[in-house]
Amino acid sequence: MFYYVLKYVLLGPLLRLLFRPRIQGLDNIPADGAAIVAGNHLSFSDHFLMPAIIRRRITFLAKAEYFTGPGVKGRLTATFFRSAGQIPVDRSGKEAGQAAIREGLGVLGKGELLGIYPEGTRSHDGRLYKGKVGVAVMAIKAQVPVVPCAMVGTFEIQPPGQKIPNIKQVTIRFGEPLDFSRYAGLENEKAAVRAVTDEIMYAILGLSGQEYVDRYAAEVKAEEAERAPAKRFPRLRR
């Protein structure tokens, strides 16, 4: 119930008023039945803008940190995400990834829409990064279509570290559903899930027009974080 109050009464109308989203390809989302909506992830605002304009309810796999924050703010954030039907996902290792896949398959098994960001984390620089294969495993195992989605302009309205978003128009594009039925039974084959994931990412890239980086975003973030102190405190010359 709270999901629909947010969507149609509280948050949805406000987001439409402030950001005036241009929506393209909305009819590509199936009117019923299970499907995955796979999109790029540029901003914290993505969590709210896409669900606000989709006619059906969509459940996202959200990072566990949103549900475990300390203090009053942390509890409020956790309550909000749970009330909005989001599922916490631990991203700390292989077993955590398997748990996320099980949760996602549970949503699809009920004939619902599942939202996922294949990059696994927000882009820190606006580029599109290599997708993780969990989306492919779920698509193949559940035998459901994947609708690629591109958020355009959300990095500019709320880049990483900015708490209050800028008020600018954004564009949300949905591509034609991708059918991976030809891979039936191959969800445990590395080559198959990599091929499916890359096809999904290529479709997102075609919609978003981003620069593509054939590396995982988390790895690049970690490397840049390690280099940052050296830049801030250069070694003194002797």
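What percentage of the 238 residues of the chain count as buried? In this predicted model, the share that counts as buried is 45%. The secondary structure comes to eight helices and nine strands. Among contacts in the chain with a separation of 6 or more, 80% are accounted for by residues 24 or more positions apart.

The largest nonpolar core has 31 residues. Within this core, the residues with the most contacts are Ile36, Met138, Val146, Phe180 and Ile200. At least two residues of the core are supplied by each of strand S2 (35-39), S4, helix H4 (94-109), S5, H5 and helix H7 (190-208). H7 gives the most, with seven residues. The surroundings of isoleucine 36 were then listed, leaving aside neighbours within four places in sequence. Isoleucine 36 is in contact with Leu108, Leu114 and Ile116, with Val135, Met138 and Ala139, and with Val144, Pro145, Val146 and Val147. A second, separate core has 28 residues, including Ile53, Ile54, Ile58 and Met151.

Helix H5 spans residues 134-142, and its buried residues are Val135, Ala136, Val137, Met138, Ala139 and Ile140. The axes of H5 and H7 come within 8 Å and cross at roughly 105 degrees. Because angles of 65 to 115 degrees count as roughly perpendicular, H5 is described as roughly perpendicular to H7. On the H5 side, the contact is made by Val135, Ala136, Val137 and Ile140. On the H7 side, Val193, Val196, Thr197 and Ile200 take part.

Strand S3 was examined next. Five of the six residues of S3 are buried, so this strand is largely enclosed by the rest of the structure. S3 pairs with S5 in the parallel sense over three bridges, and isoleucine 58 has leucine 113 as its bridge partner in S5. Isoleucine 58 also belongs to the second core. S3 pairs in the parallel sense with strand S4 (residues 87-89) as well, over three bridges. In that pairing, alanine 62 stands opposite proline 88 of S4.

The count of aromatic pairs comes to three. In one of them, phenylalanine 60 and tyrosine 117 are stacked, at 5.3 Å centre to centre with 25 degrees between the planes. This pair links distant parts of the chain, the two residues being 57 residues apart. Phenylalanine 60 lies in strand S3 (residues 58-63), whereas tyrosine 117 lies in the loop between strand S5 (113-116) and strand S6 (128-129). Both phenylalanine 60 and tyrosine 117 are buried. Another pair, formed by phenylalanine 180 and tyrosine 183, is tilted, with 6.3 Å between the centres and 55 degrees between the planes. Phenylalanine 180 and tyrosine 183 are likewise buried.

Most residues other than glycine have a negative phi. Arginine 20, which is not a glycine, has a positive phi of about 40 degrees. This residue is found in the loop between helix H1 (2-19) and strand S1 (22-24). With a relative accessible area of 43%, arginine 20 is partly exposed. Glutamine 143 is partly exposed, with a relative accessible area of 39%.

A further loop, between helix H6 (154-157) and strand S8 (171-174), contains proline 160. Proline 160 counts as partly exposed because its relative accessibility is 42%, between the limits of 20% for buried and 50% for exposed. Leaving aside neighbours within four places in sequence, proline 160 is in contact with Ser123, His124 and Phe155. Proline 160 and serine 123 are 37 residues apart in sequence, and their C-alpha atoms are 8.3 Å apart in space.

Technical notes: Residues are numbered from 1 along each chain as its sequence is written. This is a predicted model: local features need pLDDT of at least 70, side-chain atom pairs count only at pLDDT 80 or more; totals for chains, interfaces and linings use all residues. Side-chain values use heavy atoms; hydrogens and water are left out. Helices (H or I, at least four residues) and strands (E, at least two) are DSSP runs, numbered from the N terminus. Buried means under 20% relative accessible area, exposed over 50%, partly exposed in between (1.4 Å probe, protein chains only). Contact means heavy atoms within 4.5 Å. Rings of Phe, Tyr and Trp (its six-membered ring) pair if their centres lie within 6.5 Å; planes under 30 degrees apart count as stacked, over 60 as edge-to-face and the rest as tilted. Two strands pair if DSSP finds at least two bridges between them. A nonpolar core is a set of buried Ala, Val, Leu, Ile, Met, Phe, Trp, Tyr and Cys residues joined through side-chain atoms within 4.5 Å. Axes are lines fitted to C-alpha atoms, for helices over the stretch in contact, and angles run from 0 to 180 degrees between N-to-C directions. Angles under 35 degrees count as roughly parallel, over 145 as roughly antiparallel, 65 to 115 as roughly perpendicular and the rest as oblique.
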